Amino acid sequence: MSFSSLLSSVGGAFGTATPAAGASVLGTGLDALGSLYGGSAKSSAYKQSAAIAEQNAVIAQQQGLAALEIQQQKAAKTQGSLIAGYGASGIQGGSGSAMDVLAESARAAMLDKLTLKYNYDMKALNYQEQASAYKEQASSALTSSLLMAGASGLKGYGKFQELSQGTPIPGVIR
């Protein structure tokens with residue numbers, strides 16, 4: 001069976017036996033399938049990116065907790081060193097400028113803690129927002145592919161009708 005007779009057979013299944021009509025049907029089907037496949041592939045890729053972004057958000061939160069623990073240990077060590085230094089020098093740490101230095105050290109440690117927490121919370125939030133955007137893109141990719149496949153089907157149907165009814169199409173030689 002030749003390619004031309006194959007196309008005629010396809011066209012015949014839809015009420016006309018012209019190779020051009022058969023080619024129109026096959027081309028429309030392939031175009032629609034390509035749109036659907038492409039949209040599905042894009043959607044899958046976006047979903048995978050969303051899953052990775054969600055994992056990164058969890059990792060950022062865990063990193064933040066670890067950084068806070070390290071910062072608190074360093075702050076406690078600094079406070080302990082200050083107190084030990086005062087004791088070794090014979091300075092009373094319960095009043096005056098020694099107490100002011102200890103209080104300032106505690107305030108600085110609290111500010112460092114809050115800054116670390118904020119920074120890691122923002123990092124996690126950024127990843128969560130990326131995940132949401134990827135999920136939206138996944139949904140849009142599927143919707144877009146369905147619309148493109150539908151448009152392809154409608155264009156193909158119009159072309160098929162023209163070919164099967166013998167209506168001349170500009171640029172097509174019969």
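View 1. Tyr-134 counts as partly exposed, because its relative accessibility is 27%. Here buried means under 20% relative accessible area, exposed over 50%, and partly exposed in between (1.4 Å probe, protein chains only). This is a predicted model: local features need pLDDT of at least 70, side-chain atom pairs count only at pLDDT 80 or more, and totals for chains, interfaces and linings use all residues. Residues are numbered from 1 along each chain as its sequence is written, and side-chain values use heavy atoms, with hydrogens and water left out.

A search of the whole structure finds one aromatic pair. Tyr-46 and Tyr-134 form this pair, which is stacked: 6.4 Å centre to centre, 25° between the planes. Tyr-46 lies in helix H2 and Tyr-134 in helix H3 (residues 96-165), so the pair ties together parts 88 residues apart in sequence. Rings of Phe, Tyr and Trp (its six-membered ring) pair if their centres lie within 6.5 Å; planes under 30 degrees apart count as stacked, over 60 as edge-to-face and the rest as tilted. Helices (H or I, at least four residues) are DSSP runs, numbered from the N terminus. Tyr-46 is partly exposed, at 27% relative accessible area.

**View 2. Ser-44 and Ser-139.** Ser-44 sits in helix H2. Ser-44 counts as partly exposed, at 45% relative accessibility. Ser-44 and Ser-139 are 95 residues apart in sequence, yet 9.7 Å apart in space, C-alpha to C-alpha.

**View 3. Leu-33 in helix H2.** Leu-33 lies in helix H2. Leu-33 counts as exposed, because its relative accessibility is 56%.

Definitions and conventions:
Helix = DSSP H or I, 4+ residues; strand = E, 2+ residues; numbered from the N terminus.
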